[in-house]
Amino acid sequence: MTWQEKLRKVEPYVAGEQPKIVNMIKLNTNENPYGPSLKIQEVIKSIDIDKLRLYPNSDAVDLRKALANYYHLEDEQVFIGNGSDEVLALTFLTFFNGKEPVLFPDITYSFYPVYCDLYQMDYKTVKLDDDFKINVEDFIQPNSGIIFPNPNAPTGLLEDLDFIETVLKNNPNSIVVVDEAYIDFGGESCIPLINKYDNLVVIQTYSKSRSLAGIRLGVALGNKEAISHLYDVKNSFNSYPIDYITQQIALASILDDQDTKQKCAKIIKTREKTKQKLKELGFVVPDSYANFVFVKHPDVDGQELFMALRKEGIIVRHWNKERIDQYLRITIGTDDQMDALLEFLEKYLRKNR
Ligand SMILES: *Cc1c(COP(=O)(O)O)cnc(C)c1O
């Protein structure tokens, strides 16, 4: 057997590009257009570099306490990881080990099937309806676990707490993971359900609403027993994933929640204005509760429009995938960026429809 035959061959997740185009308008990876809290600047300036000699506190106890306090949970209900992608990877590894398939929507975060393939887990996708809503009955069938983002990505559609409770009640013997990467942009978090259902795990990221994609911080929240198993798996993999500097920066961000709330409110306002203008241009605009919109135009091809925007230096996201290849996912940027986008779209449609 050659070494090539002994490999674990996987097809990796492909993240949105980080192109080096001057003056581009970057609306492809749902980053926050506004910088993080300015308090973080002070924290970084005051970092004692001698501390970097030592391993960081592996449980990030101060950060964990601050997060528990912020989410109204106990410390032992909080898991901290290196970006929510890592938290998700550890979550799949910890909780989804039954014989039945893992369930998630057919149109969703495309990292989920990648984790399943990596771990050689069975999965089954449930088909969203024509309006991209999840049929709750589809989550009532034998499974090893259930995961979905709320709001869903890349559709932006939000399910309410009744929906989530129905899924939880009908799956008492599976962990149900709700990936709340975009919940701060107008949705209602299901964190208050954690103390009611021991099978709920909620994951959040500091990359989007907190404008901290560069530090890589994600959290999982759940009952103490579930979270302790997640820590066991993490500590069997890498016991020091959150570095000292990240811990200090994240603490400052949590303490300046007002700043996050103001920036989210601004993004929501821009999103609603953008939705309205896109509708006026004839786009189909599902009702997004995230910091992006997922849109298509009946008269122009999705791939062609994606390329035309790119030529103009406006980078959005497009997938050559069944059911969604006519859609573009456009991150909500600043008002000026959205005005430039809308101006181009109007011109393009005048010429090409
Ligand atoms: C962006 C995103 C993540 C990953 O966030 P990181 O914390 O930056 O790894 C997870 N889930 C969904 C649905 C996302 O869109």
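A: Leucine 305 sits in helix α9, residues 302-311. The model is a predicted one.

Q: Is leucine 305 buried or exposed?
A: Leucine 305 is buried, because its relative accessible area is 3% and buried means under 20%.

Q: What does leucine 305 touch, beyond residues up to four places away in sequence?
A: Its contacts there are Phe283, Val300, Leu328, Leu345 and Tyr348. The C-alpha atom of leucine 305 is also 9.7 Å from that of leucine 349, which is 44 residues apart from it along the chain.

Q: New topic. Which lysine does UniProt list as a modified residue?
A: The unreviewed UniProt entry lists Lys208 as "N6-(pyridoxal phosphate)lysine".

Q: Where is lysine 208?
A: Lysine 208 is in the loop between β7 (200-205) and β8 (218-221). Lysine 208 is buried, because its relative accessible area of 16% is under 20%.

Q: Which side chain makes a polar contact with the side chain of lysine 208?
A: That of tyrosine 182, at 3.2 Å. Setting aside neighbours within four places in sequence, lysine 208 has other contacts too, including Thr29, Asn30 and Asn291.

Q: Now cavities. How many of 30 Å³ or more are there?
A: There are 4. The largest cavity holds about 60 Å³ of space.

Q: What lines the largest cavity?
A: Its lining includes Tyr70, Tyr71, Gln204, Thr205 and Arg210. Helix α2 (61-71) and strand β7 each supply at least two of the lining residues.

Q: And by class, what is in that lining?
A: It has 5 nonpolar, 3 polar and 3 charged residues.

Notes: Residues are numbered from 1 along each chain as its sequence is written. This is a predicted model: local features need pLDDT of at least 70, side-chain atom pairs count only at pLDDT 80 or more; totals for chains, interfaces and linings use all residues. Side-chain values use heavy atoms; hydrogens and water are left out. UniProt positions are given in the numbering used here, feature names are shortened, and annotations may be inferred rather than shown by experiment. Helices (H or I, at least four residues) and strands (E, at least two) are DSSP runs, numbered from the N terminus. Buried means under 20% relative accessible area, exposed over 50%, partly exposed in between (1.4 Å probe, protein chains only). Contact means heavy atoms within 4.5 Å. A polar contact is a pair of N or O atoms within 3.5 Å; within protein, one must be able to donate a hydrogen and the other to accept it, and residues adjacent in sequence count only if both atoms are side-chain atoms. On a 1 Å grid over the protein atoms alone, a cavity is a set of points where a 1.4 Å probe fits but cannot get out, and a pocket is an open set with protein on both sides within 12 Å along at least five of seven lines; lining residues have an atom within 4 Å of a point. Grid points are joined across faces, edges and corners, and a volume is the space filled by probe spheres set on the points. Ala, Val, Leu, Ile, Met, Phe, Trp, Tyr, Cys and Pro count as nonpolar, Asp, Glu, Lys and Arg as charged, and the others, Gly among them, as polar.
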